[in-house]
Amino acid sequence: NILHRLYAKLVPRRKLIRKAITDTFNSLIHQRVKFNGTPELLDIFASIISGFAVPLRTEHVVFFEGVIIPLHKVQTCQRFHNELLRCSMLFVSKDQALAQNLIKGLLKYWPYASFAKETLYLSELLEVLDVCDLARLKEWEIIEPLFRRLTECIASQHLGVSDRAMTYFENDFFLQIVKKYQNIIFPIMVHVIDKLSIIHWHKLLKES
C-alpha cells in the first residue's frame, strides 16, 4: 500500500519505481532468488498497467515480453499465478497482438514436471485464446504447436490435466477454431482421442 501510494504521488519517480520492480522480477527469473512479495508487486503492477495509454509504449511491450512472460517459468509460479494472469490479460486487452507471444511463451515454458502447474497453464491458455482474432491464429503459426500440446494434455495419465484439457471442447470459441482449421487439427487430435476412448483408464473421461 505504501509503495502504491508513493507511485501515485511521486510522478517524476514512477519510471525509477518501475525499474526497481523490474529488477526484482529479473532476479526472480534469472537468479532464482526467493522473494515472497511477488503477488503484491504484481498486484501493484496490474493497477499500473490499467493506466497505460494505447498504443503501448515500447518500454511497456519490452516489460511484457521480457518479464511478464518469463515469470511463467519460475518454479514457484503457482504462488502468484492469479496475479500474473491478471497482468497478462490486462496487457493483451491493451494490444491483442501481444497474445501471440504470450501463447508461444506458455508453450515454450510448459511445466512438464508439475501437473498442478499444467492445469493452471491450460486455464490461462483458454482465457488468452478467448480474446484472440480467429483469422490471425494461422498467421501467428501457433495452430499446430498449440494442438499438439493440447493433445498431449488430453492423453495425460493425470486425471486433472486430462479433464481440464477436455473442457476446452465446452468453449464456443475453441470449437470455432477447430471447425475453421480442421484440416490442420484433425490429423493431430482425432486418432489420439479415438484411441483414448478405448484404452483410457478413467471411465468418465473414456465416455466423454
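Colleague: Which residues have the most contacts inside the largest nonpolar core?
Modeller: A nonpolar core joins buried Ala, Val, Leu, Ile, Met, Phe, Trp, Tyr and Cys residues through side-chain atoms within 4.5 Å. Buried means under 20% relative accessible area, exposed over 50%, partly exposed in between (1.4 Å probe, protein chains only). The largest core has 70 residues, and those with the most contacts inside it are Phe-25, Phe-45, Leu-71, Phe-91, Leu-137, Phe-147 and Ile-177.

Colleague: What are the ground rules here?
Modeller: This is a predicted model: local features need pLDDT of at least 70, side-chain atom pairs pLDDT 80 or more, while totals for chains, interfaces and linings use all residues. Numbering runs from 1 along each chain as its sequence is written, and side-chain values use heavy atoms, without hydrogens or water.

Colleague: Which residues does Ile-177 touch?
Modeller: Contact means heavy atoms within 4.5 Å. Leaving out residues up to four places away in sequence, Ile-177 touches Leu-129, Leu-134, Leu-137, Ile-143, Phe-147 and Ile-185.

Colleague: Is Glu-141 buried or exposed?
Modeller: Glu-141 lies in the loop between helix H8 (136-139) and helix H9 (143-154). Its phi is positive, about 60 degrees, though Glu-141 is not a glycine. Relative accessibility is 64%, so Glu-141 counts as exposed.

How values were computed: Helices (H or I, at least four residues) and strands (E, at least two) are DSSP runs, numbered from the N terminus.
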